[in-house]
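Here are some notes to go with your first look at this structure. Please keep the viewer open and pick out the residues as you read.

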Amino acid sequence: MVEDFEAISSFDSLATCDVTIVGTGPLGLALAHACLVRGFRVMMLESGGRNPDQQANALSRAAKMDGTAHVPLEEGCARVLGGNSHLWGGRCVPFDAIDFEKRDYIPFSGWPIPYAEVARWYAEASQFLKCSQSFKVEPIWPHSDAVRFDTIESWMNDSNVSTHHNSWIENHQNLTIVTRATVTDFVFDENVRRVVAIRATDGTRTVEVPVRRLVVACGGVQTPRLLLAVQRAHPNLFGGPEGPLGRYYMGHVSGKLAELKLAVPEKADTLDYMRAETGFLRRRITLTEAVQREERLGQISFSSGNAVVYDSSHRSGALSLLWFILASPLGARFVNAPLRSVYLGETKPAVWPHLMNVLREPIATISGVWSVYTQMFRQRPKKPSVFLPNKDGRYTLYYHGEQSPNPENRITLSEEVDAVGMPRANVAFNFSHADAEYVASAHKSVEKAVKELGIGGLVYSVPEENRVAAILSQARDGLHQIGATRMSDDPTTGVVDSDLKAFGLDNFYIASTSVMPTSGHANPTFVGVALARRLAAHLTGDLERHVDGAPETLVQNDVAVAAMRRFVGEPSENAVKVLVTGASGFVGRAVCDLLRSRGHTIRALTSRRDQADTREDGIEWRFHDWREDLDFDRHVTGCVAVIHLGAEIWRTDRMERVNVEATRALVKAAARSGVKSFVFASSVAVYGSSKSPRVDESSPVVTAQGYVPSEYRGKANVLAYGRSKVLGEIAVHDACSVGAHHGRQMNGTILRPTVVVDEDKILETTRIGRAAKEIGANRRVNFVTLTDVAAAFVWVMEKNYADDALPGARVFNLSDDTTPELTYARLYRKLEALSDVRGLRERFGAPRQCYNLADMLRNKRPSRRLPLGMMHFPNDALKATGFRHPYGVEDTIARAARRLSNS
């Protein structure tokens, strides 16, 4: 929901929001989306409106700019829903490992968190920004010791994040966005440890908005400006008046110093943009980490493009005509002001040379103009910039490099105030001589490499002695706003800690590119979004429950999970022959696949004759009809372990034979044969309908001696199935005890899974009727994902024949309690938020008690016992063995949502 500040009479109803975010730019929206996915209520305040507004942007204007290297703040800040994504070109590039290191040749470098801790959120950042998830490509030329040709940048189809995320922005029931609300101050508790409210105004009315957790995400300049204003009333905050707040302000040093002249001009197309499903990709030239350290160079990347538009010496009629268009009043309609100034240059060149270029080769000009027109207006999606091949194979080599942190580059406050009474910012921003020197040196490394590899050479625009001055004369930024609230492990050198929480405050965080300690060579937005996604996980308690490379996944990511992910991905050091019953079933196939990947040899029993004729490497298929044959000795002979999955689920007339008698016969045959590990698939149906919502392994099970209908509120076949599983469990216990008495120890494990699902089964839940959705909205989702179930069966199987195995038979619930309060309503909200598909969720959502009442009426059995949707099956006992869900049901939900998006 998006509401204007003026339309909201009271903010009291929003006091229960879990997170309040100031700013709706790419980082703020990425943070909000990740919080919504996790079930949080979110409020966002935006200083601007739905559309760009000069009056709102005027609030950003600086009082004083010390230096000429910074664009006007009102051009570098966008106060509007979507924030600076209205100005951003959509270029996505990740930071590299070296960016996070402390480098003695880059002053004040080093991040308090390692590269891997940020890189594991790159996949989520790519998904949110809808850009490529890979930033590597086959190199067009071989690498040298100094230069790499395999890195790319990804350009979004639509860089305005508020546009391509419009659906959930407008409709998510847990999101409220308030526009025309400028935050001017914080209200603290008596100890100044917590922010209890923020003051927001539209210039006419000022209100205090209560907050529980506060995140400021209003850009790399406006964020420190707001904090500096707060610091005036509370001087000890943020390191004090002479502390780090506002200092170390950075951008990037960029420009052009040379042209790349190709030895083979026909290869120019390799320098052009490449189409991809996510948008456009472009190759970059980067320096190896080795040469950076050896030559003491900052991070830098190079890309090739057209000759400089405003420099008529390019002799291109098409480019000169493009200059005429951009220099005219129509130019502002085609590109934003900062980019237009790049094309037009700082000074207006002579018109006559450009006119001569247009007239000199009219046919080539017309052809080039048509190409420009096609690339700028007809092509969808539109190219980030025009690329025109030329006969000479000469292309401008643009550089984009790191600016060193400098405490004297800073944001301070003026006594001048804006229209809502906020002190305006003073900006001191310049590039150092050292920054220009390393850029000049980096060109030499590239020049040497392209010559040695036969690619071509560099043609410089200025002699060597003037290159540093030329770099400094072009250096200008203010769009990439980095560093003024930097992250540190020391409050004397940073404003926030590694969790982006402000030092000295318990509930205040910053989601901004201003937290980055160094700038690297990459536009900061992509990495900023990755940091925002990481912050969302921290705020919602899921930071330690995120699996690398699995967007939207909330799985415990502790040491045990890391070990479990290695477990499912690596061969076993002690592979054995395993008998698997029910091997062709839903769970059986997943178990067989994991066993085979672990290196085990499988003897697979199936009651399907067609499956028994299948030939697969590592699997010996055998047919067995349990209703006719209870002789299992021939099957267990030579096997070290048995995983017993086969069962009759639906037909009560077959359950005694298949689930009870066959299980007894199989487990006895296994004990006689010397099998060391026996794993039995039971079910939470053994508990029937519990009287307590918490059901652990010590809870009562249904009566084994006979059918007692009152023990289950539901269909008779489910109670019969539960009873047959209880009898099967007894058989396993007996066989393990008998084996121990005869010196042939067989260790057993009984797993009681909840509802096993994969992507298809989750998507099936979205197709139930509207009435069922409304009544069952707050039912507990007792899902456990198929891949985790397979991992659990193989995990306990291998534990049972290990040297330190515990004797006898043990019983474990197999549930997914990483999201214990997941309901169907939350499931549908997650699917909608992740997929942008509407209409999945219920409209009003009956309380869980209504579902309980409806269940009683449907089954005509009022009782104190609870239906499945009100019961919880803790997983603690299985976790005590060291098992963790390697993926978790959230991963399956996320993959199901991606299928929805693509359907």
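This is a predicted model: local features need pLDDT of at least 70, side-chain atom pairs count only at pLDDT 80 or more; totals for chains, interfaces and linings use all residues.

1. Residues are counted from 1 along the chain as its sequence is written.

2. Let us start with the aromatic rings, where the count comes to 20 pairs. One of them joins F95 and W111, with ring centres 5.9 Å apart and planes at 75°. Planes over 60 degrees apart count as edge-to-face, so that is the label for F95 and W111. Both F95 and W111 sit in the loop between β5 (91-92) and α4 (115-119), 16 residues apart.

3. Next, have a look at Y122 and F526, an aromatic pair of the tilted kind: the centres are 5.3 Å apart and the planes make an angle of 50°. This pair links distant parts of the chain, since Y122 belongs to helix α5 (residues 122-129) and F526 to helix α17 (residues 525-539), 404 residues apart. Y122 counts as buried at 10% relative accessibility, while F526 is buried with a relative accessible area of 0%.

4. Now to the nonpolar cores. The largest has 144 residues, and those with the most contacts inside it include L31, F186, F508 and L531. Which helix gives the most to this core? It is α17, with 10 residues.

5. Setting aside neighbours within four places in sequence, L531 touches W111, I113, V118, M487, L500, V515 and M516.

6. Strand β18 (residues 423-428) deserves a look of its own: six of its six residues are buried. Strand β4 (residues 64-66) pairs with β18 in the parallel sense over three bridges, and M65 has V427 of β18 as its bridge partner. Strand β17 (residues 410-417) runs antiparallel to β18 and is joined to it by five bridges, with L413 opposite A425. Five residues lie between the strands in the hairpin of β17 and β18, where G421 takes a positive phi near 90°.

7. Another sheet to trace is an open one of seven strands with parallel pairing, in the order β23-β22-β21-β24-β25-β26-β29. Its edges are β23 (619-623) and β29 (809-814); each has a single partner strand, so one side of each is left without a neighbour in the sheet. On average, neighbouring strands here are turned by 15° against each other, direction ignored. Within this sheet, β21 (residues 577-581) and β24 (residues 641-644) pair in the parallel sense over four bridges, and L579 has V642 in β24 as its bridge partner.

Notes: Side-chain values use heavy atoms; hydrogens and water are left out. Rings of Phe, Tyr and Trp (its six-membered ring) pair if their centres lie within 6.5 Å; planes under 30 degrees apart count as stacked, over 60 as edge-to-face and the rest as tilted. Helices (H or I, at least four residues) and strands (E, at least two) are DSSP runs, numbered from the N terminus. Buried means under 20% relative accessible area, exposed over 50%, partly exposed in between (1.4 Å probe, protein chains only). Two strands pair if DSSP finds at least two bridges between them. A nonpolar core is a set of buried Ala, Val, Leu, Ile, Met, Phe, Trp, Tyr and Cys residues joined through side-chain atoms within 4.5 Å. Contact means heavy atoms within 4.5 Å. Axes are lines fitted to C-alpha atoms, for helices over the stretch in contact, and angles run from 0 to 180 degrees between N-to-C directions.
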